[in-house]
Amino acid sequence: MQLKPQRIKVSIGRTLLRLMPLILMGALTLMTFWLVQKNMPPESSMLERVRLHEPDYIIKDGTLSALNEQGNTKYRILGNKVTHYDDDASIDIDAPRMRLFHPDKPPVTVKADTGHLDGDLTILELIDNASIFRPAQAATATEPATLRMLASSSYYKVLINDDIVETDRPIRLEQGMSIMHSSDGGTFNNIQQSMTLSGQVKGRIERAPRSSQ
């Protein structure tokens, strides 16, 4: 009867020896986790650093150009001051002027007081005193004559990849001697070089003067 306690003690001792590596490994893991947590910066400071929106470079009289598949200039954006932000790669532009080019058609100029270009270079927002200007062009072998066009608004959004300029703000459209006003904005298609007005449209339409023979 006295041998049973000794066997139990021996069995417990062997079990502890077998479990000792696991115990040491667990203790080491907990110690490592504690050291990592101790040396990590507070979560609030990490969030502040991630959300920081500060310029990483500023260019005066900056120019951004893109080429089409044929190597010709598709569009060019100019600004008195170009500010680039590192966190989202977006760009703020003072006095932005964007020229849209299309083969066999006059270049169209879109401008405003301020602009914002997204990080993907796909959307240019034009804010305050925004306008779309297309000069008059004489008829060619492939294109009819076009009148001077000026479309003014307080805001335009340029969808660069789609060659579209649009707004939901009121527009004043001058084309030749005609003047139109729309209440709900409109869309300019640079490929067709046509302007579509939305909402209530009022104004006067004047006939284009006939060219002298």
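The legends below describe several close-up views of a predicted protein model. Residues are numbered from 1 along each chain as its sequence is written, and side-chain values use heavy atoms, with hydrogens and water left out. Because the model is predicted, local features need pLDDT of at least 70 and side-chain atom pairs count only at pLDDT 80 or more, whereas totals for chains, interfaces and linings use all residues.

**View 1. The protein as a whole contains two helices and 14 strands.** Helices (H or I, at least four residues) and strands (E, at least two) are DSSP runs, numbered from the N terminus. Of the 213 residues, 27% count as buried, where buried means under 20% relative accessible area, exposed means over 50% and partly exposed lies in between (1.4 Å probe, protein chains only).

**View 2. Asp-56, Asp-86, Asp-87 and Asp-88 form a negative surface patch.** Such a patch is made of residues with over 30% relative accessible area and no salt bridge, like charges being joined within 9 Å and nonpolar side chains (Val, Leu, Ile, Met, Phe, Trp, Tyr) within 5 Å; Lys and Arg count as positive and Asp and Glu as negative, while His and the chain ends are not counted. The place of a charge is taken as NZ of Lys, CZ of Arg, CG of Asp or CD of Glu.

**View 3. Leu-121 and Asp-128 have positive phi values.** Most residues other than glycine have a negative phi. Leu-121, with a phi of about 60°, lies in the loop between strand 6 (114–117) and strand 7 (123–134), and Asp-128, with a phi near 70°, belongs to strand 7. Leu-121 is partly exposed at 33% relative accessible area, and Asp-128 is partly exposed at 40%.

**View 4. Arg-148, Arg-172 and Glu-174 are linked in a network of salt bridges.** A salt bridge is a side-chain nitrogen of Lys or Arg within 4 Å of a carboxyl oxygen of Asp or Glu, and the structure holds four of them. Between Glu-174 and Arg-172 the N to O distance is 3.0 Å; Glu-174 counts as buried at 18% relative accessibility, whereas Arg-172 is partly exposed at 33%.

**View 5. Asp-168 forms a salt bridge with Arg-169.** Their closest N and O atoms are 3.5 Å apart. Asp-168 is exposed, with a relative accessible area of 56%, while Arg-169 is partly exposed, with 37%.

Key:
Accessible areas come from the Shrake-Rupley method with a 1.4 Å probe; for residues, only the protein chains shown count as cover.
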